[in-house]
Amino acid sequence: MAAATQTPDYDRQRAAAERAAIDASCRGPVLYFSASAVFWLLIGSVLAIIASTKMHSPYFLTGTPELTFGRMRMAHLQAVALGWSSMATMAASLWMMCRLARAELIYPKILLASATLWNVGTFLAVFGIIFGGGQSVEWLDAPQYAPPFFIAGLGIVSAWVAAVFRRRREPHVYVTQWYILAAVFWFPWLYTVAVMMIFWSPATGVVQPIVNWWFNHNFLGLWLTPVAVGTAYYIIPKVIGRPIHSYYLSITGFWALALFYSWAGMHHLIGGPVPAWLVTASVVGSMMMFIPVIAVAINHHMTMLGHFHRAKYSPALRFTVFGAITYTWVSFQGAIESLKSFSEVAHFTHYTVAHAHLGAYGFVAMIFFGLFYYMIPRLTGREWASASLIRVHFWTAAVGITIYFVGLSIGGWWQGRMLNDPNVPFGNIITYLKPYFLTRTIAGILMTTGHLAFATLFIMNLAGWGKKRVGGPTYFVEPLKTTNSPNAKN
Amino acid sequence: MSPADITVIAIVIGSIALFGGATVLAMGWAFRNGQFENFQQGAASIFGPDEPIGEMTDAFPVKRAAKHAAQPESQD
């Protein structure tokens, strides 16, 4: 506060005007990507509940082939991975790159085309699968006519992020920018190569599953994780007004992730007909991931030390800190899971499903929820309409993913133990798992309730139902003299 | 070798060249550009005159409104 009062008003006003102009330049595309992400989150949630219910009530919605478990589960994955998570990742990348580079977005209408291409691709993927066009390749289940839309849309976003970076006025490259630049460079290549080597010019034999799991694991590790970790590196210090604890550690963590994460995917093929050295190298890579994860964990924790109480007041901080803590937990767990001795039990069980959801939801989705709570009001100039709905969203999401993770981890572990015992009939294992499947559906309903609250808040904000931002701690709208600000009307 | 084998080898070698080369270039540029110097200043680069170090920049809407009403002259 003391620093604030010593800052000349003119500098504050000019900085606020610059920030408002930057936010105004990316308002259209970022809101389009964000709204699309929320839409696909809702679709994915409904598909998830249907698929989950079928696991404990197999006669639920059996009348049509479109609603069978296989299609619902694949469609859910496409909706949440490519629809929700990827579109949120692109919204985050564009907005944070503009802010950190202190550069306005050029030709934003072309990015609207990019978001439309991505939406068409996701629509074709989700409904193509539902109507029988799915591919039997995990994560790449979308029909073959969908990938060109993703590649075209992604290419535009990557080019625009690079263009903003080139036009930067801020000379220092903040750690979040390193993560974003890496993600938009890695993922187009990752996706194109995977589609090419599996569908367009198929590799033969065991190369296909190798490419498949190289892609699957790196979808999380080289696309969603860098942007989510980068988001935490921006939101946490920004909200509490304190620089990150060790900038040196943050840079070390980034380069360690760049070096080791891409090795990790092959641990999913433990016990499979692939060269043993490949799996072993992947296990080594997975264990080396302790380095960037510990670096990030120390940094986030030490930055928050003495400020944890502020999560009570800030929705953005609350979600982001939950996601950051989960990142540490899920990454440690993932490294241990890669060990062959551990995989003897956990492999091919619901333990892995619990782990995947902890990463994709407890870590990635929670951090993006936090980002949206911070970013959207600054783009629309409106406060969130209801603090109660935000609390409903947080607690249903947090309790939901906790129930999901705990239930399926316990059930999955004992599933693995029983699968390894030849004296246990397979039918008994299914009967044993039914209560755990039920907890998953309950958790899914809880999380979906939160998503409905989130979507309601989002629509209310877009519709102008929230209060206009009239100053407050962010100085998004300069409270002293706003007449020269591009965002003065807010 | 079949065309598929050649494709696999070309992609693997191309990936190594592309990503290895990009990593070396990026690190070289960062060192030359002074990005790995003065970490303290780097950590503070996200703050500015309007959002300085020491100010919290997010709050629940109701709490913020209440605080705002209580302190109409104090915007920070």
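**Helix packing in chain A**

In chain A, helix α5 (residues 108-130) packs against helix α6 (residues 147-166) at an angle of about 150°, their axes lying 8 Å apart. The angle makes α5(A) roughly antiparallel to α6(A), a description that applies over 145 degrees. The crossing of α5(A) over α6(A) is left-handed, meaning that the near helix is turned anticlockwise from the far one by less than a right angle. Among the residues that make the contact are Leu117(A), Trp118(A) and Leu124(A) of α5(A) and Phe149(A), Ile156(A) and Trp160(A) of α6(A); contact requires C-beta atoms, placed from the backbone, within 7 Å. By class, this contact of α5(A) with α6(A) comprises twelve nonpolar, three polar and no charged residues.

The model is predicted; local features need pLDDT of at least 70, side-chain atom pairs count only at pLDDT 80 or more, and totals for chains, interfaces and linings use all residues. Residues are numbered from 1 along each chain as its sequence is written, while chains are lettered from A and ligands numbered from 1 in the order in which they are written.

Chain B contains three helices and zero strands, arranged α-α-α from the N terminus. Of the 76 residues in chain B, 24% are buried, that is, with 20 or more other C-beta atoms within 10 Å of their own.

Confidence is expressed as pLDDT, from 0 to 100 for each residue. Chain A has a mean pLDDT of 91, with 94% of its residues at 70 or more. Over residues 472-490 of chain A, however, pLDDT stays under 50. Where pLDDT is low, the predicted coordinates should not be read in detail.

Key. Helices (H or I, at least four residues) and strands (E, at least two) are DSSP runs, numbered from the N terminus. A residue is buried if 20 or more other C-beta atoms lie within 10 Å of its own, exposed if 12 or fewer, and partly exposed in between; C-beta atoms are placed from the backbone. Axes are lines fitted to C-alpha atoms, for helices over the stretch in contact, and angles run from 0 to 180 degrees between N-to-C directions. Angles under 35 degrees count as roughly parallel, over 145 as roughly antiparallel, 65 to 115 as roughly perpendicular and the rest as oblique. Two residues are in contact if their C-beta atoms, placed from the backbone, lie within 7 Å. Ala, Val, Leu, Ile, Met, Phe, Trp, Tyr, Cys and Pro count as nonpolar, Asp, Glu, Lys and Arg as charged, and the others, Gly among them, as polar. pLDDT is the predictor's confidence in each residue, from 0 to 100.
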